[in-house]
Amino acid sequence: MIEFHLDARSGVPPYQQVVQQVRHALRLGLLDVGDQLPTVKEVVAALAINPNTVLKAYKELEHLGLVVARPGIGIFVARTLTDDSLAAHGPLRQDLRRWLSQARRAGLDDESIEALFRDVVRSSSAEGVA
Amino acid sequence: MTAILEANGLGKRYGHKWALSGCTLAIPSGKVVGLVGPNGAGKTTLLHLSVGLVRPTTGSIAVLGGRPGTAPDKLARIGFVAQDAPTYATLSVRDHLRFGAWMNPIWDAKLAEDRIARLGLDPRQKAGQLSGGQRAQLALTLAVAKRPDLLVLDEPIASLDPLARREFLQGLMEIVAEHGASVILSSHIVADLERVCDYLVVLVGSRVQIAGDIGDLLTTHHRLTGPRHDRHALPSDQQVIGESHTDRQSTLVVRTAKPILDPSWLVEQLDLEDLVLAYMTRGAAQDRRLKLEVRW
């Protein structure tokens with residue numbers, strides 16, 4: 001089971017934050033096929049948010065084919081986002097750590113590192129480089 | 001979808017002063033509505049009109065399909081908590097529940113007792129000895145045990161500390177999730193409303209500035225920043241809500257359902273607080289102008 005959290009200052013609508021957090025957990029393998037998501041009531045009680053927000057998020061996840069609703073029982077993961085790439089996470093993580101320490105040695109602070117990373121991701125996906 | 005509250009040209013005057021004027025609204029059922037505005041904007045007047053505590057001076061209002069306060073069976077379907085969550089200081093928590101059971105044709109005693117137990121309130125304690133947060137929760141429990149179709153809450157969280165505020169909203173959202181009641185709550189704290197509300201009404205200077213589904217409002221409002229522009233040079237579909245200019249730069253808040261094509265603008269999403277502030281600023285300016293005109 002995963003727990004959601006909301007960042008009021010992020011500018012991302014609450015329902016999208018829930019969707020993103022599920023996708024994130026699916027990508028990292030924290031959620032697997034058959035796992036149950038928290039019920040709407042549980043999310044509402046934990047976060048003090050509108051039930052419609054949770055329903056909207058779960059509907060979108062269902063629409064994306066990531067979860068299925070079993071009426072009266074709950075919402076279950078139907079598909080993960082890890083595919084075969086999860087195995088590659090470990091080495092990539094190590095590479096990234098190495099790169100990070102290089103960047104820090106070069107005098108970049110966290111904010112500059114994040115800005116640089118985001119900029120490169122954006123420009124490389126704009127060029128169509130995978 | 002049927003309207004839970006429908007107002008047409010609704011107005012209320014106290015003496016010479018209009019507390020609410022020209023109010024036209026159609027709020028769909030099943031929503032959690034945030035009624036926002038500065039103090040004295042007419043929020044309480046609109047809520048009192050909606051539960052039938054006062055009668056309109058002009059126009060009409062229908063709540064749950066009928067004129068508020070005219071039929072006892074309609075009243076039973078509305079739960080109302082007035083400002084500062086009034087309770088009887090010398091009555092115990094248990095007495096409040098008994099009183100509620102006696103006063104209301106529909107009363108879910110189990111729901112009321114379960115909620116009191118879950119909140120950790122001692123049924124023997126007098127309401128006067130409860131904390132502000134506990135009193136607000138007791139008042140909410142009384143309103144909810146009626147199993148209403150509509151809950152009307154006037155500034156329920158304004159006087160609570162952040163923890164009590166969060167607990168109150170958690171309780172409220174659980175009720176909405178479980179029983180599907182519609183909620184109208186007034187507040188001047190926008191940050192809390194962003195989580196719980198899905199419909200917004202902004203009231204300034206006795207007038208409705210904007211009303212609508214929060215998701216729709218957020219996708220149709222943008223902040224534009226760019227070199228100095230004249231507002232009259234904008235495309236006709238872009239309605240300017242707020243503007244500020246320096247000698248070189250213009251910052252506008254605009255409402256439009258269409259994409260913004262002018263590449264000289266930096267286009268940003270507004271959050272709910274900025275959106276509300278833009279309408280409040282505009283409303284306050286209109287209000288000042290109106291008062292000046294009246295004086296002339």
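Predicted model: local features only at pLDDT ≥ 70, side-chain atom pairs only at ≥ 80, totals over all residues.
Helix 1 of chain B has these buried residues: B:Lys43, B:Thr44, B:Thr45, B:Leu46, B:Leu47, B:His48, B:Leu49, B:Ser50 and B:Val51. That makes 9 of the 9 residues in the helix, which runs over residues 43–51, so the rest of the structure largely encloses it.

As background, strands of a sheet pair through backbone hydrogen bonds, in either a parallel or an antiparallel way. Here, strand 1 and strand 4 of chain B are linked by 5 bridges, in the antiparallel sense. To pick out a bridge, B:Leu5 has B:Val63 in strand 4 of chain B as its partner.

| Element | Residues |
|---|---|
| Strand 1 of chain B | 3–14 |

Next stop, B:Leu138. You'll find B:Leu138 in helix 5 of chain B, which covers residues 132–144. Is B:Leu138 buried or exposed? It counts as buried, because 24 C-beta neighbours lie inside 10 Å and the cut-off for buried is 20 or more. If you set aside neighbours within four places in sequence, B:Leu138 is in contact with B:Thr87, B:Val93, B:His96, B:Leu121, B:Ala127 and B:Leu130. Then there's B:Ile116, which is 22 residues from B:Leu138 in sequence and 7.4 Å from it in space, C-alpha to C-alpha.

Over in chain A, the domain assignment gives domain 1 (14–77) and domain 2 (86–126). The centres of these domains of chain A, taken over C-alpha atoms, are 29 Å apart.

So where do the chains meet? The contact takes 15 residues from chain A and 19 residues from chain B. On the chain B side, helix 6 (162–179), helix 7 (190–196) and helix 8 (214–220) are the elements that give two or more residues. Helix 6 of chain B supplies the largest share of that side, with 8 residues. By type, the chain B residues that touch chain A split into 9 nonpolar, 3 polar and 7 charged.

Methods. Residues numbered from 1 in each chain as written. Chains lettered and ligands numbered in written order. Helix = DSSP H or I, 4+ residues; strand = E, 2+ residues; numbered from the N terminus. Buried ≥ 20, exposed ≤ 12 C-beta atoms within 10 Å, placed from the backbone. Contact = placed C-beta atoms within 7 Å. Pairing = 2+ DSSP bridges. Domains from an automatic or database assignment. Nonpolar A, V, L, I, M, F, W, Y, C, P; charged D, E, K, R; others polar.
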